[in-house]
Every structure is written in C-alpha cells, then in structure tokens.
Amino acid sequence: MKFLKYTVVFSFLILNACHTKKGTEFNQSASVTSLDQLPENPLEQKVISSSVNTTKNEMSTLYGNDLAFQYARFYNDGNYPEGSSLYRVTWKQQDDPRWFGGKIPKAIESVEIVRFVKNDENKVVPDYTMYKGNPLSEVKNMGNLELFIKSIVEQRMAVIP
C-alpha cells in the first residue's frame, strides 16, 4: 500500500513538472499584423529556403504558395509556372532570451513578393512588389527590379528529408 502511495505521488510530480504554459512561446513581434497592407499572410505559405546575413544582422525566409513549392521541389531553373507566388520575408535579428547565443527574428523589415503572371505577349513573367515599414506598406518606384527578382527566383529549395 505504501509503495502504491509513493508511486502515485511520484507520477503526479513528473506529470506536473512536464507541463508547460501554452501560447507563451509565440514570437508575436515577428508576425504579420492586421495593420499591414499585405494582400495575404506570407507566413502561412510553405517554406522553400532560409538565409542569415550576419553582416546586416538579418534573417530571411523564402515562402511559396503550393504551386511554387511543388515546382521548387523538382526544378531549380527559376522558370516558375503561371500562378506561382514567392514571398521573401526579412527580419532583423535579436538575441533569444531562452537560449544563450541564439538569435530569433525581431519585427519584419520587409516582404518581397514575386508573382508569375502572363504579359501582353502571353509569356509568363515575374511581377515584383515590396512592402516595408511599420505597418508594412507597398514601396513605389523601386528602380531596377531585375536584381531583386533574380535574388529571389534563383534561391534553391532547402533539402527536405
């Protein structure tokens, strides 16, 4: 009987020690807000690749809609089909308060969207839009967009096991 009592108490202590508070681990400051002028939330798309720029203290993730994700899985030529959308989200980094030496995203710096649409000549071409600021709003008159588009489209998909 004494053994059963100790077993129940010990089991209760173990189960209670493993309990974590739900909802406290979400990085709200690195999320899209309702004030942002984005046509859709890129963070709800599928991850294609990610990168870190330690010089600028930035991190980026390239997301894609289902069509772009499936294309990136099998091809790396950047010739995405019509209807594909790529989203590069860039954050400044901040120290992770839960992991010494770790970095996590701060507020979103920019969102770049490349959509593949048909032009007047019925050819599929990339259409580029950038959002910056707080709240995020569209940036006009970007100048030469070819470099921006190339830097997004040429990213290869991360290896997926």
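1. Let's start with L86. Leaving out residues up to four places away in sequence, L86 touches I48, L62, Y63, G64, A68, Y80, E112, I113, V114, F116, I152 and V153. Here, touching, or contact, means heavy atoms within 4.5 Å. Please keep in mind that this is a predicted model, where local features need pLDDT of at least 70 and side-chain atom pairs count only at pLDDT 80 or more, while totals for chains, interfaces and linings use all residues. Residues are numbered from 1 along each chain as its sequence is written, and side-chain values use heavy atoms, with hydrogens and water left out.

2. Next, the core. In soluble globular proteins, nonpolar side chains tend to be buried together. The largest nonpolar core in this model has 16 residues, and those with the most contacts inside it are I48, Y80, L86, V114 and V153. A nonpolar core is a set of buried Ala, Val, Leu, Ile, Met, Phe, Trp, Tyr and Cys residues joined through side-chain atoms within 4.5 Å. Buried means under 20% relative accessible area, exposed over 50%, and partly exposed in between (1.4 Å probe, protein chains only).

3. Which elements give two or more residues to this core? They are α2 (66-74), β4 (103-118), β5 (124-132) and α3 (146-153), and α2 gives the most, with 4 residues. Helices (H or I, at least four residues) and strands (E, at least two) are DSSP runs, numbered from the N terminus. Apart from this core lies another one, of 12 residues, including M59, Y63, W91 and I108.

4. The buried residues of α2 are A68, F69, Y71 and A72. They cover an arc of only 165 degrees around the axis, which puts them on the same side of α2. The arc is taken from the directions from the helix axis to the C-beta atoms. Their cover includes β1 (46-53), β2 and β3. In α3, the buried residues are I149, I152 and V153. Seen down the axis of α3, these fall within an arc of 90 degrees, so they line one face of the helix.

5. P81 sits in the loop between α2 and β3 (85-95) and is partly exposed, with a relative accessible area of 27%. Neighbours within four places in sequence aside, P81 is in contact with L67, Y71, F116 and V124.

6. The largest pocket holds about 310 Å³ of space, and the closest to its centre of the 17 lining residues are K56, E58, S60, T90 and E112. On a 1 Å grid over the protein atoms alone, a cavity is a set of points where a 1.4 Å probe fits but cannot get out, and a pocket is an open set with protein on both sides within 12 Å along at least five of seven lines; lining residues have an atom within 4 Å of a point. Grid points are joined across faces, edges and corners, and a volume is the space filled by probe spheres set on the points.

7. Finally, some backbone details. A cis peptide bond joins N134 and P135, with omega about 5 degrees. N122, in the loop between β4 and β5, has a positive phi of about 65 degrees although N122 is not a glycine.
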